[in-house]
There are 2 protein chains.
Amino acid sequence: MKRIHSKDDIVQAGLELILSKGFNATGVESILKQANVPKGSFYNFFSSKEEFSLAIIDRYVADRGEELRPIFNDESLPPLERVKKSFEILIAKFEVNDCSKGCLMGNLGQEMSDQFENVRQRLEHSLQGWTKLLSRLLLQAQQERSIPADLDPEMLADNLIASFQGALLRAKVKKSSEPLKNFIYLYFDRFLTQREETE
Amino acid sequence: MKRIHSKDDIVQAGLELILSKGFNATGVESILKQANVPKGSFYNFFSSKEEFSLAIIDRYVADRGEELRPIFNDESLPPLERVKKSFEILIAKFEVNDCSKGCLMGNLGQEMSDQFENVRQRLEHSLQGWTKLLSRLLLQAQQERSIPADLDPEMLADNLIASFQGALLRAKVKKSSEPLKNFIYLYFDRFLTQREETE
């Protein structure tokens, strides 16, 4: 009943653990146990837990990309609606987890940015990719006049993601998704859809 | 040259370390070394590192309260301006630290909420206190018609704090205070000061 363990199995096991408990509270031993692999397998693939964290970030970003791509590309919906729906999908996922875990990028950004420069850079790169995706849709929303034309779409996209991460963190402490619902209401029904003053 | 170490000395030393490195990455040994006290002193005051973290949260909240009280109470400034200034003071502090560390409440909220229920509750209590302070000022701002009258001040205060925490986290990953400046601009020059549609 031996099984050959792939790099992917270890990444998946570690991702779950680190998303639940954080980077520093997760030992390599517990990742090995969860993935049911010997120590050698881990160090065959990764030189350190830090290097391993880069692999789980890539995996997490790829998974979220897969999940959100159909919404981002759904041309039957107005662009601003697609942005809103993409956040609602992430919120639903968080609710399934009883308002725990949160977003790996936010968690590791908080815990590792000051200590591990290569992890910080990988997170920065991933967040910029997310910002680019949203800013393209926000530009389209501007062209359709559904949001103010004089706001920089990239600045707005970056702020949307940051405020979403903040609401996620608030919800994690509150153990309620209320701050996330308020984020959706305030941004999509109020802040972004306000009338322009100069028309 | 013996010196009597107070509970306060240990709390201050641990606060600095945990703010820099996080809860899990900070060992009791390193707190003792930083505070220059023997192990017994620590366990005289605190039964565990977890209990210790409650003391540093209280200390952090008290310190921030001291810092911000003069602004909150400055009746020469309009209430919305006082809210804005209070965030600007926190941002200036973050910039002095080269965009590292961030806010202890955000950091511990991220790292500990899922694992330590009493820490989560203490953070929730502190965040609610902050929300109350801001919502009183936002209510006054509504009475002065400087922000829309139909928004719930408490919901808005909670969202402001959450979005500030998110911008702080984004700035920590970017190692630039740009996301925080954008937060100030978007909330205080755009989102909150929009004209009401029904007047």
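Q: What makes a pair count among the salt bridges between chain A and chain B, and how many are there?
A: The count between the two chains is 10, where a salt bridge is a side-chain nitrogen of Lys or Arg within 4 Å of a carboxyl oxygen of Asp or Glu. This is a predicted model, in which local features need pLDDT of at least 70, side-chain atom pairs count only at pLDDT 80 or more, and totals for chains, interfaces and linings use all residues. Side-chain values use heavy atoms, with hydrogens and water left out, residues are numbered from 1 along each chain as its sequence is written, and chains are lettered from A and ligands numbered from 1 in the order in which they are written.

Q: Why is the pair D158(B) and R170(A) called a salt bridge?
A: The closest N and O atoms of D158(B) and R170(A) are 3.4 Å apart, within the 4 Å limit, so the pair qualifies.

Q: Why are α4(A) and α6(A) called roughly antiparallel?
A: Helix α4 (residues 49–72) and helix α6 (residues 104–112) of chain A pack at about 150°, with axes 10 Å apart. Angles over 145 degrees count as roughly antiparallel (under 35 roughly parallel, 65 to 115 roughly perpendicular, the rest oblique), and α4(A) and α6(A) therefore get that name.

Q: Which residues of α4(A) and α6(A) make the contact?
A: From α4(A) come S53(A), I56(A), I57(A), Y60(A) and V61(A), and from α6(A) come L104(A), M105(A), L108(A) and M112(A), contact meaning heavy atoms within 4.5 Å.

Terms used. Axes fitted to C-alpha atoms, helices over the stretch in contact; angles between N-to-C directions. Helix = DSSP H or I, 4+ residues; strand = E, 2+ residues; numbered from the N terminus.
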